Amino acid sequence: MRALPAIVTTAAFTLAMTACGGDDDSTTDSATDSSLEADVGTGTDTSVDPDVGEPEDEQEDGQEDPGEQPDEAPGDGGSGSAVLTLFTGEQFEFSVLCTLEPQVAAGSEILFTATSYDFPGLDITQFGDEGAVTGIGSVEVWDEDYETLWSASTLHESVGGSLELSVDGSTITGTGDFYPAADLTVDPVPGTVTANC
């Protein structure tokens with residue numbers, strides 16, 4: 001009676017091998033031996049074509065490798081850097097996103113802008129002649145609490161301040177009077193800003 005489980009197990013194994021096409025052990029052994037001989041005899045792995053490369057190097061759906069995609073054109077939403085230098089010797093550096101083509105935002109024309117979302121933050125904006133806000137230029141630097149550190153604006157001309165912004169190719173430049181903490185009651189500090197977009 002103890003031999004019955006062994007016979008059933010052997011019969012099940014034989015049935016499984018037959019269903020998989022393994023009814024002849026010599027066929028399986030010879031196929032395995034010939035593939036091993038090919039691998040050992042040539043010294044190369046015949047499962048990978050060296051001219052094609054590894055399967056993981058291929059991109060699905062014919063997509064390009066993200067590392068080979070072209071960078072965005074400068075001044076067209078691309079990134080750059082900016083520096084604000086105050087005549088007191090204080091200097092701020094920023095990574096900026098720029099838009100150098102005129103656009104309409106919130107019903108007003110914006111000629112160009114450069115913005116940093118890091119801390120300290122920076123915003124350079126020059127409005128155009130169309131819309132609710134016209135002709136205003138501004139530069140503002142703020143801290144991690146979004147409190148203004150320094151600001152210059154054409155609106156400050158009413159209290160003696162000044163700001164001139166211009167764009168040349170992919171570079172925004174500005175010179176003006178910067179007020180600490182947007183406090184127009186104190187003497188401003190002359191400064192320059194340059195954004196290379």
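Guide: Along the sequence, the protein runs α-α-β-β-β-β-β-β-β-β-β-β, which comes to 2 helices and 10 strands. The model is predicted, so local features need pLDDT of at least 70 and side-chain atom pairs count only at pLDDT 80 or more, while totals for chains, interfaces and linings use all residues. Residues are numbered from 1 along each chain as its sequence is written, and side-chain values use heavy atoms, with hydrogens and water left out.

Visitor: What makes a stretch a helix or a strand here?
Guide: Both are DSSP runs numbered from the N terminus: a helix is H or I with at least four residues, and a strand is E with at least two. Strand E2, for instance, spans residues 91–99.

Visitor: What does the pair of Cys98 and Cys197 tie together?
Guide: Cys98 lies in strand E2 and Cys197 in the segment after strand E10 (189–196), so the link joins parts that are 99 residues apart in sequence.

Visitor: How do you know whether Cys98 is buried or exposed?
Guide: Buried means under 20% relative accessible area, exposed means over 50%, and partly exposed is in between (1.4 Å probe, protein chains only). Cys98 has 1%, so this residue is buried. Cys197, at 10%, is buried too. Across the 197 residues of the protein, 26% count as buried.

Visitor: What is Ala106 by that rule, buried or exposed?
Guide: Ala106 has a relative accessible area of 82%, so the label is exposed. This residue is in the loop between strand E3 (103–105) and E4, and its phi is near 50°, a positive value in a residue other than glycine. Tyr146 also has a positive phi, near 60°. Tyr146 sits in the loop between strand E6 (137–142) and strand E7 (148–153) and, at 60% relative accessible area, is exposed.

Visitor: How do you know which form the peptide bond from Phe119 to Pro120 takes, cis or trans?
Guide: Its omega is near 0°, and the bond is cis. Pro120 is found in the loop between strand E4 (108–116) and strand E5 (121–131).

Visitor: What makes a set of residues a nonpolar core?
Guide: The members are buried Ala, Val, Leu, Ile, Met, Phe, Trp, Tyr and Cys residues joined through side-chain atoms within 4.5 Å. The largest such core has 24 residues, of which Leu84, Phe94, Leu122, Ile124, Val139 and Ile172 touch the most other members. E2 gives the largest share of this core, 4 residues.

Visitor: Which residues does Ile172 contact?
Guide: Contact means heavy atoms within 4.5 Å. Leaving aside neighbours within four places in sequence, the partners of Ile172 include Thr113, Ile124 and Cys197.

Visitor: Why is the pairing of Thr113 and Thr125 called a polar contact?
Guide: A polar contact needs N or O atoms within 3.5 Å; within protein, one must be able to donate a hydrogen and the other to accept it, and residues adjacent in sequence count only if both atoms are side-chain atoms. The side chains of Thr113 and Thr125 are joined at 3.4 Å, and the pair therefore qualifies. Thr113 is in strand E4 and, at 12% relative accessibility, counts as buried.
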